[in-house]
Amino acid sequence: MHNQTVVAFFARVLLGIIFLMQGIGKVFTWGIDGVYNSFKPYEETFLPKFAVVFAAYYTSFAELICGALLVIGLFRNYALYALALVLLIVSFGHGLTSPIWNLNDVMWRSILLIFLLVIPKEWDKWQVERLIRK
């Protein structure tokens, strides 16, 4: 066993769990209406209502679905791209309502995501996708 394999697995599963749990909270605990209500302040900006509604739905379901995909290791890069868009939407939205906001949540997720995108694919051996390809 190589450390690269362990590191790739750990980073992917950790990031997946973080997003999955947030998605579960948004979709099943708060409900999409609750998420949308928390996005209402963004309607006071120049953003059209459809963009705010899209952001509420997209971020919630992308976190849920892509977080799960990362945990099991299926469609890894597509999940990472979709979650990168979540981080861009969240960063833009927070910046609209408050130019100085807590970057901790976004920064650590971004670092893990970027790490996973730049490491060699061969490091990430423990995933369902590799089993399917065999």
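Threonine 5 is in contact with Trp123, Lys125 and Trp126, once its neighbours within four places in sequence are set aside. This threonine belongs to helix α1, and it is buried, with a relative accessible area of 5%. Please keep in mind as you read on that the model is predicted. Here is a tour of the chain around that residue, grouped by topic.

**The chain as a whole**

- The secondary structure amounts to five helices and zero strands, so the order of elements from the N terminus reads α-α-α-α-α.
- The C-alpha trace spans about 55 × 30 × 20 Å along its principal axes.
- Of the 134 residues in the chain, 37% are buried.
- If you take the contacts between residues at least 6 apart in sequence, 73% of them join residues at least 24 apart.

**How α1 meets α3**

- Helix α1 covers residues 3-39 and helix α3 covers residues 76-97; their axes lie 12 Å apart, and the two pack at an angle of about 50°.
- The crossing of α1 past α3 is left-handed.
- On the α1 side, the contact is made by Arg12, Leu15 and Phe19, while α3 brings Arg76, Leu80, Leu83, Val86 and Leu87.
- Sorted by type, the residues of this contact are six nonpolar, no polar and two charged.

- Helix α4 takes in residues 104-118, 15 residues in total, and reaches 21 Å from its first C-alpha to its last.
- That reach is close to the 21 Å expected at 1.5 Å a residue.
- Which residues of α4 are buried? They are Val106, Arg109, Ser110, Leu112, Leu113 and Leu116.
- An α-helix has 3.6 residues a turn, so residues three or four places apart point the same way.
- Helices α1 and α3 are among what covers the buried residues of α4.

**Leucine 131 in helix α5**

- Leucine 131 sits in helix α5, which runs over residues 128-133.
- Is leucine 131 buried or exposed? Its relative accessible area is 64%, so leucine 131 counts as exposed.
- Glycine 73 is 58 residues away from leucine 131 along the chain, and the C-alpha atoms of the two are separated by 9.9 Å.

Definitions and conventions. Residues numbered from 1 in each chain as written. Predicted model: local features only at pLDDT ≥ 70, side-chain atom pairs only at ≥ 80, totals over all residues. Heavy atoms only, no water. Axes fitted to C-alpha atoms, helices over the stretch in contact; angles between N-to-C directions. Helix = DSSP H or I, 4+ residues; strand = E, 2+ residues; numbered from the N terminus. Left-handed = near helix turned anticlockwise from the far one by under 90°. Contact = heavy atoms within 4.5 Å. Nonpolar A, V, L, I, M, F, W, Y, C, P; charged D, E, K, R; others polar. Expected span 1.5 Å × (residues − 1). Buried < 20%, exposed > 50% of the residue type's maximum accessible area, 1.4 Å probe, protein only.
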